[in-house]
Amino acid sequence: MRCLICHGEDIQTKQVREEIKVDKNIIYIPIQTPVCHTCGERYYDRRTVRYLEEMEHKLQSSNIHLQEVGKVLELVE
Ligand SMILES: [Zn+2]
């Protein structure tokens, strides 16, 4: 498999954190997905896309276990 963006061949399945935004919060979802090591492009298969959609839906409900890992801050000028 070659990267569609940079045509590099160095694509390996890695553990990455996908960001899902819920209200003002960003929630990291750990997933395994092929990533191009040259340009960083991620290749999601259908199962992963469906999983992320499901998680996004689940995160709308409050009875899911989340751990705070830090804050997301914005520069105010
Ligand atoms: Zn690439």
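**Entry 1: contacts of Ile5**

I began by looking up what Ile5 touches in this predicted model, and, leaving aside residues up to four places away in sequence, I noted Cys36, Cys39 and Glu41 as its contacts.

Is Ile5 buried or exposed? I wrote down that Ile5 counts as exposed, because it has 11 C-beta neighbours inside 10 Å and the cut-off for exposed is 12 or fewer.

**Entry 2: the chain as a whole**

I then turned to the whole chain, for which I listed one helix and two strands, and reading along the sequence I found them in the pattern β-β-α. The radius of gyration of the chain is 15 Å, well over the 11 Å that the globule rule gives for 77 residues, so I recorded the chain as more spread out than a compact globule. For its extent, I noted that the C-alpha trace spans about 40 × 35 × 15 Å along its principal axes.

**Entry 3: burial and contacts across the chain**

Finally, I looked up how much of the chain is buried, and found that 1% of its 77 residues count as such. For contacts between residues at least 6 apart in sequence, I noted that 48% join residues at least 24 apart.

Terms used:
Residues are numbered from 1 along each chain as its sequence is written. This is a predicted model: local features need pLDDT of at least 70, side-chain atom pairs count only at pLDDT 80 or more; totals for chains, interfaces and linings use all residues. A residue is buried if 20 or more other C-beta atoms lie within 10 Å of its own, exposed if 12 or fewer, and partly exposed in between; C-beta atoms are placed from the backbone. Two residues are in contact if their C-beta atoms, placed from the backbone, lie within 7 Å. Helices (H or I, at least four residues) and strands (E, at least two) are DSSP runs, numbered from the N terminus. The radius of gyration is taken over C-alpha atoms; the globule rule is 2.2 Å times the number of residues to the power 0.38.
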